[in-house]
Amino acid sequence: MSSSPLPSSNTSLTYTQPSTPPHLTHSPLANPSPNELLIRVHAAAINPVDIQLWNNVLIGLLAGRKEKGIGRDYVGESLPSAKSCKGSGKLARRYSGWLVGRYATLRMLGWEREGTFAQYLSVNASTDPIARKPACWSYEEAAAVPLVVLTPFACLDWLPPENEHNKKRRVVVTGASGGVGMWCVQLAKKLYNCHVIGICSGRNADFVRRMGADEIIDYTAQNVAQTLLDGRPGGRKYDLYIDCVGGVEMFRYWHDLLHKNGAYITIVGDKTSRTAMGGPFTYLTYPSQILHFLYGYLFGPRYANVILYQKSELLEKTVELAEKGRVEVVVQEVVNGILSEEEYKEAWERVRRLMEEGRVRGKVVVSNG
Ligand SMILES: NC(=O)c1ccc[n+]([C@@H]2O[C@H](COP(=O)([O-])OP(=O)(O)OC[C@H]3O[C@@H](n4cnc5c(N)ncnc54)[C@H](OP(=O)(O)O)[C@@H]3O)[C@@H](O)[C@H]2O)c1
């Protein structure tokens, strides 16, 4: 197998101090270690967590003054390099398809790592969630998938087993038009065969129905709690409530909405700010959530604040669904110029504002062109 020279430098969007405007960094491209692949990035998605990490003072302190990257999701192409082609037999066998660049890959990065808003990345194929990109997705669509599809898998794991009356399990998804919510709806409907109630604004009702919701509750026009309580046929309670918005408003109805084996699962927690870190980290900042978890574990319905599963096989399962035409990726906007000297400030402001406003339908992606 022939090797090609590595590109000499890598441009990426980085920051040093929390909440300060990021800048372009041009650094020498590090040689990937034997178990790493060098990836040329085609596109990357922006997620609320990118803004939350960028704003986070504690992470800023822990990471010190070194340059910190932005972006977790990406789609890219593995470059053949002397080291990665020579890698262990196991690695070469398992990934022979895309080691030579036949496939593009998609994955998610941990917070402590380099960001995906970059020209090149090193990835560890044995530990990073990664899968081949299906031909039916454009680069921009593929970049929009990993983080937001791995999160619903963590939520839907809390579905109680199908009941003896063979009735469909009933799942409520709030924030159903957002990046994670639209995948909760699609997977609950198409993979888990549930009856899905999507909570969204009226302007997104048709979109959420298209994703597979059987019923819609317009949170801008209806009393959500009352509508859900009235919607329990014969008093039959719901099986799963997935909260992609945060806050405690609906948690008050926990017992009334969910049966004993049901579960109230949040990916945000009690907080409502879009710019503060959510997920299980908020067990520390909102300790009452620990009591809810313990109470639910002992007496039901269960309660948990969950984080996404970082598993390649779940990405591969999603690829299979996509290839069968069973799921859809929705990219509201592609932002160009994030790595261009002339355009990056404007591009960053655009993606930052969209994340902070929280009105995106589906995903926003940055393209490296
Ligand atoms: N724990 C984890 O592992 C994990 C993973 C991913 C994300 N998250 C967190 O989950 C949250 C959602 O992430 P995301 O990527 O899905 O966000 P997002 O795409 O930015 O969500 C925006 C969507 O939320 C809808 N929305 C806003 N307020 C709403 C409300 N009160 N009721 C119903 N819908 C509402 C908006 O629709 P309208 O404009 O029509 O209101 C919009 O379509 C974020 O806080 C994120 O940090 C956690």
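**Exercise 1.** Find the helix that holds Arg353, and work out whether Arg353 is buried or exposed.

*Solution.* Step one: Arg353 sits in helix α15, residues 344–357. Helices here are DSSP runs of H or I with at least four residues, strands are runs of E with at least two, and both are numbered from the N terminus. A quick word on the model: it is predicted, so local features need pLDDT of at least 70 and side-chain atom pairs count only at pLDDT 80 or more, while totals for chains, interfaces and linings use all residues. Residue numbers start from 1 along each chain as its sequence is written.

Step two: a residue is buried if 20 or more other C-beta atoms, placed from the backbone, lie within 10 Å of its own, exposed if 12 or fewer, and partly exposed in between. Arg353 has 10 C-beta neighbours inside 10 Å, so it counts as exposed.

The C-alpha atoms of Arg353 and Ile51 are 302 residues apart in sequence, yet 9.6 Å separates them.

**Exercise 2.** Describe the shell around the ligand: which residues come nearest, and which elements each supply at least two residues?

*Solution.* First, the members. There are 33 residues around the ligand, and Pro48, Gly178, Gly179, Ser201 and Gly279 come nearest; a residue is near if its C-beta atom, placed from the backbone, lies within 6 Å of the molecule.

Second, the elements: α1 (48–55), α7 (146–156), α8 (179–190) and β10 (195–200) each supply at least two shell residues. Third, the make-up: 16 are nonpolar, 14 polar and three charged.

Helix α7 has 10 of its 11 residues buried, so it is largely enclosed by the rest of the structure. Among the buried ones are Pro146, Leu147, Phe153 and Cys155.

**Exercise 3.** Which members of the largest nonpolar core touch the most other members?

*Solution.* Begin with the rule: a nonpolar core is a set of buried Ala, Val, Leu, Ile, Met, Phe, Trp, Tyr and Cys residues joined through C-beta atoms within 7 Å. The largest one has 92 residues, and Ala143, Val173, Cys184, Val185 and Ile242 touch the most other members. Strand β3 gives the most to this core, with eight residues. Both domain 1 and domain 2 contribute at least three residues each. Now zoom in on Val173: beyond its neighbours within four places in sequence, its contacts include Cys184, Val185, Ile242 and Cys244.

**Exercise 4.** In what order do the three strands of the open sheet come?

*Solution.* The order is β2-β1-β4, and the pairing is antiparallel. β2 (23–28) and β4 (68–69) are at the edges with a single partner strand each, so one side of each has no neighbour in the sheet. Strands pair if DSSP finds at least two bridges between them. β1 (residues 9–15) and β4 are joined by two bridges, and Tyr15 has Lys68 in β4 as its bridge partner.

**Exercise 5.** Where does the cis peptide bond sit?

*Solution.* The cis bond joins Gly300 and Pro301, with omega at about -10°. Pro301 lies in the loop between α13 (288–299) and β14 (302–305).

Notes. Ala, Val, Leu, Ile, Met, Phe, Trp, Tyr, Cys and Pro count as nonpolar, Asp, Glu, Lys and Arg as charged, and the others, Gly among them, as polar. Domain bounds come from an automatic or database domain assignment. Two residues are in contact if their C-beta atoms, placed from the backbone, lie within 7 Å.
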